[in-house]
Amino acid sequence: MLWTKSHIPTLKEVPQDAEIASHQLMLRAGLIRRLGSGLYTFLPLGFRALRKVEAIVRDEMDRAGALEVLMPAMHPREIWDRSGRYESLKNVMFRIKDRQDRELVLGPTHEEIITDLVAREINSYKQLPCNFYQIQTKFRDEIRPRFGLMRGKEFIMKDAYSFDVSSEAADESYAKMYQAYVNIFRRCGLHAMPVDADTGDMGGSSSHEFMVPSDSGEDAILEADDGSYAANLERAEGYCDLPNEFPGSENPLEEVATPNVGKIEDVAAFLNVEKRQLVKTILYLADEKPVAVLLPGDREINEIKLGKVLKAATLEPADPETIRKTTGAEVGFAGPVGLNIPLIADRTLEGLRGGVIGANKTDAHLRNFDLARDSAINEFHDIACAKAGDLAPNRKGRFIEKRGVEVGHVFKLGTKYSVALGANFLDENGKSHPMVMGCYGIGVSRTLQAIIEQSHDENGIIWPASVAPYTVLITVLNPKDEASMNEATQLADTLEAQGVDVLVDDRKERPGFKFKDADLLGFPLRVTIGERGLAKGIVELKPRTASEFSEVPVQQAAETVLDAVRELREGLK
């Protein structure tokens, strides 16, 4: 392919609306263009790279035994009502009506659709296990689309769904998909870390996210420094081994005036104590009934963990009026002493002595709080967010916090959807059972940008050979020179005959301008052909990551480039 016959609109300036490096580079390199908030068009180079990511995904899905299908992007409302997710996902769904005034959904995901299909197509244990996947556009009404393809209203996703006769068989399907994901991201040149994750609205027993470490990532990851454990912040389970006894632990409760001081930071400063010496008492409404939740002042509540502990259909922070009615004080002064509602404490508070709590009296706190002596805690649970410095579950490693971009997520769904949508099978005795499901998603378009986010330098993109729009760039210094163009054409033809895709830069631009574009676009290998070099019988070869070029005899150019390509590809296997 000749550069002049393609459309590669590179930009010198950094676009003002692009906040992170990968978004900036995708725009500057002419891979994508913005249509509207969260909506992007793939230009030729971006589309070529996207198709290569898709090809890797398809290859590994096929190897794992999954069968490709293509389901509608538009769904009737009724099928989402059957699962109950028409309401639970209402904040992210795009909803429309047809001319008959029937309600439709633009699919944010396809659990309901595939389960309905399988319920009608498969009915015997002899037809199981089965696994179907698709690569298709999804639609989600994001509150704040940002970072280019990282969080958009429309995006390309690979979603797969397994159906099995038992939980044990489903575990085997899960393991196959997990390994397929490891293979996919490795082949894409990505370091993607599998971490324990919460199942969220998807439901099911467990899940793993595949996270690409990135300082600009929206998700927090806690990883043990001994490599024994990693989880996202919502799921992480750690242990605090700091002492839980503070000065004044032997003294009785003492009320202290704290006028207009209700926030944890302000109370700690006012009383000159550590934040973790304070005990937060937060009121929630669980199924519309108040409950008090206690945790150390230096920690945040994990509402996902709390929801699982309370097993409530609805859970929300108590409103100010409920707080005043329950505690007798304004917001910021609640404490566990004297409260006549259920009390649940984070497990890090066990054995606390010498703490500071709200007095259930406006502008007052109590110090010298002994949890065992002064309160009647109903239960202790892990309900706070773990944080850096905590012990990992093995009680040996300590957590380090990192940021990451989620590129894939695998779930053990169980029977949530098969029961709701009637996906049952008959066993060898003719007895009916719900199928046990798993689901497995990869953000294909997000993966493309994550590759760039992880692999770039100050000059531009550094493409892995497996997903680069073109593997080799041949830069012709003077396209008017017939000998140079002939050599470029011959080399390109030879490489392409061996399955290597080649772009020839035949633009009538200064060499320095072309070299800057070459670094910006990040093709793995660059061959430079010039009149002076040909006069000496050489061309120049430079890998994108090398600081210097090497001189290669013209007669050996094709063989040398092919060897370099093979070496790059081998590194991704």
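In what order do the five strands of the open sheet stand? The order is S28-S27-S29-S30-S31, and the pairing is mixed. Strands pair here if DSSP finds at least two bridges between them. Strands (E, at least two residues) and helices (H or I, at least four) are DSSP runs, numbered from the N terminus.

This is a predicted model: local features need pLDDT of at least 70, side-chain atom pairs count only at pLDDT 80 or more, and totals for chains, interfaces and linings use all residues. Residues are numbered from 1 along each chain as its sequence is written, and side-chain values use heavy atoms, leaving out hydrogens and water.

Angles run from 0 to 180 degrees between N-to-C directions, with axes as lines fitted to C-alpha atoms, for helices over the stretch in contact. S27 (residues 472–476) and S29 (residues 525–529) pair in the parallel sense over five bridges. Leu473 has Arg526 in S29 as its bridge partner.

Two helices lie across these strands. Helix H13 (residues 482–497) lies across S27, S28 and S29, and runs at about 170 degrees to S27. Helix H16 (residues 557–570) lies across S27, S29, S30 (538–543) and S31, at about 165 degrees to S29.

Next, strands S4, S5 and S6. S4 (residues 74–76) pairs with S6 (residues 103–106) in the antiparallel sense over three bridges. S5 (residues 94–97) pairs with S6 in the antiparallel sense too, over four bridges. Leu104 in S6 has Pro76 opposite, and Ile96 also stands opposite Leu104. The hairpin of S5 and S6 has five residues between the strands, and Asp101 there takes a positive phi near 65 degrees.

Now the interior. A nonpolar core is a set of buried Ala, Val, Leu, Ile, Met, Phe, Trp, Tyr and Cys residues joined through side-chain atoms within 4.5 Å. Buried means under 20% relative accessible area, exposed over 50%, and partly exposed in between (1.4 Å probe, protein chains only). The largest core has 58 residues; Leu31, Met61, Tyr181, Ile184, Phe185 and Trp463 touch the most other members. Helix H2 (residues 44–63) gives this core its largest share, seven residues. A second, separate core of 25 residues includes Trp80, Ile113, Val118 and Phe425.

Which residues does Tyr181 touch, not counting those up to four places away in sequence? Among them are Met61, Lys158, Phe210, His409 and Tyr440. Contact means heavy atoms within 4.5 Å.

Thr348 sits in the loop between strand S17 (343–346) and strand S18 (353–358). Its side chain makes a polar contact of 2.5 Å with that of Asp346. A polar contact is a pair of N or O atoms within 3.5 Å; within protein, one must be able to donate a hydrogen and the other to accept it, and residues adjacent in sequence count only if both atoms are side-chain atoms. Leaving aside neighbours within four places in sequence, Thr348 is in contact with Cys240, Asn244, Pro296 and Arg299.

Last, the cysteines. The whole structure holds zero disulfides, a disulfide being a pair of cysteine sulfur atoms within 2.5 Å. For Cys130, the nearest cysteine sulfur is that of Cys439, 14 Å away. Cys130 counts as buried because its relative accessibility is 11%. Cys439 is buried as well, with a relative accessible area of 3%.
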